[in-house]
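Open the model in a viewer and keep the selection tool at hand. The stops below are taken one at a time.

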Amino acid sequence: MDVIKPELIRNIALTGHGGCGKTTFAEGILYASGVINRLGKVEEGNTVSDYHKDEIEKQLSINSSVMNTLWKGSDGVSRKINIIDTPGFMDFVGEVKSALRVVDTALIIIDAFKGVEVGTEASFMMTNEYENNLIFLINKLDMENADFEKTVADIKDSFGSRVAVVQFPVKTGNDFHEVVDVIRMKLLRFKPDGKGEYTEHDIPDDLKEKANEYHQKFVEVVAEEDEELLNKFFEEGANLTDEELEYGIKMGMRERKLFPVFCISASKNIGTRDVLDFISNYTESPLDKLPEIGHRPNNDDPFEIPPKPDADPALFIFKTVSERNIGELSFFRVYSGKVKAGLDLINEANGKSERLSQLFSMNGKDRKEMSEVVCGDIAAVVKLKDSHTNNTLSSKNFPVVLPEIKFPNPNMTLAIHAKNKGDDDKIATALHSLHEEDPTFLVNFNPETSQTLISGQGEIHLNTILNRMKSKYNFEVEVSNPKIPYRETIRSKVDNIEYKHKKQSGGRGQFGHVLLKLEPLERGKGFEFVNAIVGGVVPGRFIPAVEKGLVEIMSSGVLVGCKVIDVKVTLFDGSYHNVDSDEISFKIAASQAFKKGFKDASPVILEPIYDVEVVFPEEFMGAVSGDISSRRGRIMGMDVYGKLQKITCQIPLSEMNDYSTKLRSLTQGRGYYDRKFSHYEDVPKEVEVKIISEYEKEKAENSN
Ligand SMILES: Nc1nc2c(ncn2[C@@H]2O[C@H](COP(=O)(O)OP(=O)(O)OP(=O)(O)O)[C@@H](O)[C@H]2O)c(=O)[nH]1
Ligand SMILES: [Mg+2]
């Protein structure tokens, strides 16, 4: 299984809403294909895919896991199927994006009772972005509340006329073990022992009409692919030859004009084999793909990287994990040529050379060494020195950069500090490596508020990272809501501000005397200093000190200790003393004058405002929009996205701390949002009063 031809590789990702059965289905594939000899269960914590401690504890997937197996096509030749099982919980959407970036086919699994959910829609949108072949699996048909017809209607309603039923169940609930396949026009009877084996039978008379109807509809969608086929379809009904049907299915999958629907029970392993047959026979191999469009390292012009096994090697790293006892594992897909253990490649992001010391094929945590990985295949390599997710490694002769995964913006931020002061530096290093493993987890130091900030996709995401930090690095940390980086500015002009700094205490004294004018500047202009001194009333050698005094007071703020922005200061008069004047005196005079003048210039506090897009099922419209208003949010627009509603709005950052958690609770876990900084805006008076009094209180506490 070590070296396989690229045309025999199939790369698939399992995606869908949380808890729809992805991990269970992956387990079924491995069991049916003989990789494992007992079918693990998520509840028992013994699946191949969910092997991390936190996944076993929570009984859900947090990381995507890479697995692989062999499966024979109808030509009797084995395909290597690389499977990436992704987490469904929206906090871990980055894992889904990176998986879809490198697979050719996505399997979206849908719960037969719950139908299309937010996670289903989100998966679909991501497959649009990466143009994956797409298959829907209706799962949990063994449950009493399963409703196949309703779920199919739901899928068609959400994803349109390209959806085509390939199978329907004879019965659902406890008796679900027979499926009618409307491509082969056979009844498949599955054994109940979990191995997923089935026997083929003729379709019983009472189901023939229904089977014909579905067959007709399926062939119609397939025929859409090709004008000749379509004409034939209308002239001769559903009587396309097997070759024509095969051609139509393959092309339809490739062009995303056909989304076949299968029925399964992942936990009983019913339907799995049939899905694997379809994947082997009809979905794209890496060689069928259009070339990747990357670019040369120092040039952004599009550059094609065709999937050629004999070309110079180039690979793309889509995931990095650090595993106990192994160190860092980098998962990659080869996009050109082939790579061998021991090969040196260049990381085009930093120009550094990397040696591929040991290559592995992975099944969850189990590794098997590989000597060579060909174009299109997915594998892992250990101990790269300076390479991370989103990096391209390629040979010296073939410097290329493959398109990066566009990770979502974070939507929750916390301030973090070590319980033990001495640990600060070590914590910074640990946070950095956690970011390298998970690019949706971000770390920033805000010099303005002197806080280290961690950001991610939500509360569960950040908690997961903090737990990982504790178990891996053994640090105790404390978290709090981040301080808001307010700004201060003025609204009116003050023409004549005078400040004389004078001190006489024995020996040499201090003397600095300035007259300033303050004016508001347009937003974004920052600070402008004008020296309008004539006749040397303030000698030239003290002018830089005046400016320095102003810059310092502006960066530490006047009202609430936040940066002052968009002010023009003109120094137009002053005086000095031959002996007592020095730089310090002028610096003090300037900053005191500024402070005095600032308070008279109608000062205001500005707060950061974020652009926010919220997506949720329409039945929660009232709750979601009411909540936005209660956060001083402004609704800018509303759109409909299938059965989902999207609100575009602006919300002040200070009102967004718990938004991720609140939105989930308001929408039964089905809403999600994205945000990015927009601009600064005046805070309303009543909020300003509150901010000032909190600041004064904190100052008083700190000085005690
Ligand atoms: N009855 C029944 N239960 C199922 C089936 N498939 C999965 N389950 C159960 O549904 C629950 C969730 O299954 P998982 O396989 O963890 O679902 P998942 O999609 O991987 O979940 P996340 O990774 O958290 O998104 C578990 O309790 C499974 O045993 C099925 O076909 N029938
Ligand atoms: Mg899972």
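**A buried aspartate and its partner**

Start by selecting aspartate 627, which counts as buried at 6% relative accessibility; buried means under 20% relative accessible area, exposed over 50%, and partly exposed in between, with a 1.4 Å probe and protein chains only. This is a predicted model, in which local features need pLDDT of at least 70 and side-chain atom pairs count only at pLDDT 80 or more, while totals for chains, interfaces and linings use all residues. Residues are numbered from 1 along each chain as its sequence is written, chains are lettered from A and ligands numbered from 1 in the order in which they are written, and side-chain values use heavy atoms, with hydrogens and water left out.

A salt bridge here is a side-chain nitrogen of Lys or Arg within 4 Å of a carboxyl oxygen of Asp or Glu. Lysine 662 lies in helix α15 (residues 659–666) and aspartate 627 in helix α14 (residues 621–630), so the pair ties together parts that are 35 residues apart in sequence. Helices (H or I, at least four residues) and strands (E, at least two) are DSSP runs, numbered from the N terminus. Lysine 662 is partly exposed, with a relative accessible area of 31%.

**Other salt bridges**

The structure holds 46 salt bridges. Select aspartate 75 and arginine 79: their closest N and O atoms are 3.1 Å apart. Aspartate 75 is partly exposed at 48%, whereas arginine 79 is buried at 6%.

Next, go to aspartate 423 and lysine 426, whose side chains meet in a salt bridge of 3.5 Å, N to O. In this pair aspartate 423 is buried, with a relative accessible area of 14%, and lysine 426 is partly exposed at 48%.

For a network of salt bridges, select Asp104, Arg254, Glu284, Asp288, Lys289 and Arg333 together.

**Ligand 1**

Which residues are closest to ligand 1? Select Lys22, Thr24, Glu43, Ser61 and Asp142, the closest of the 19 residues that surround the ligand; a residue is counted if one of its heavy atoms lies within 4 Å. By class, this shell has 5 nonpolar, 10 polar and 4 charged residues. Helix α1 (residues 22–32) gives the largest share of the shell, 3 residues.

Then show the side chains that approach the ligand. A polar side-chain atom of threonine 24 is 2.5 Å from an oxygen atom of ligand 1, and one of lysine 140 is 3.1 Å from an oxygen atom of the ligand. At serine 267, a side-chain N or O atom lies 2.9 Å from a nitrogen atom of ligand 1. Taken alone, ligand 1 exposes 640 Å², and the protein buries 85% of that.

**Two loop residues**

Most residues other than glycine have a negative phi. Select glutamate 131, in the loop between α4 (118–130) and β5 (133–139): its phi is positive, about 50°. Glutamate 131 is exposed at 53%.

Asparagine 474, in the loop between α11 (459–473) and β27 (477–480), has a positive phi of about 60°. Asparagine 474 is exposed too, with a relative accessible area of 64%.

**Zooming out**

Finally, colour the chain by its domain assignment: domain 1 (6–198 + 258–288), domain 2 (296–394), domain 3 (413–480), domain 4 (488–601) and domain 5 (605–687). The bounds come from an automatic or database domain assignment. The C-alpha centres of domain 1 and domain 4 lie 69 Å apart.

Note on methods. A polar contact is a pair of N or O atoms within 3.5 Å; within protein, one must be able to donate a hydrogen and the other to accept it, and residues adjacent in sequence count only if both atoms are side-chain atoms. Accessible areas come from the Shrake-Rupley method with a 1.4 Å probe; for residues, only the protein chains shown count as cover. Ala, Val, Leu, Ile, Met, Phe, Trp, Tyr, Cys and Pro count as nonpolar, Asp, Glu, Lys and Arg as charged, and the others, Gly among them, as polar.
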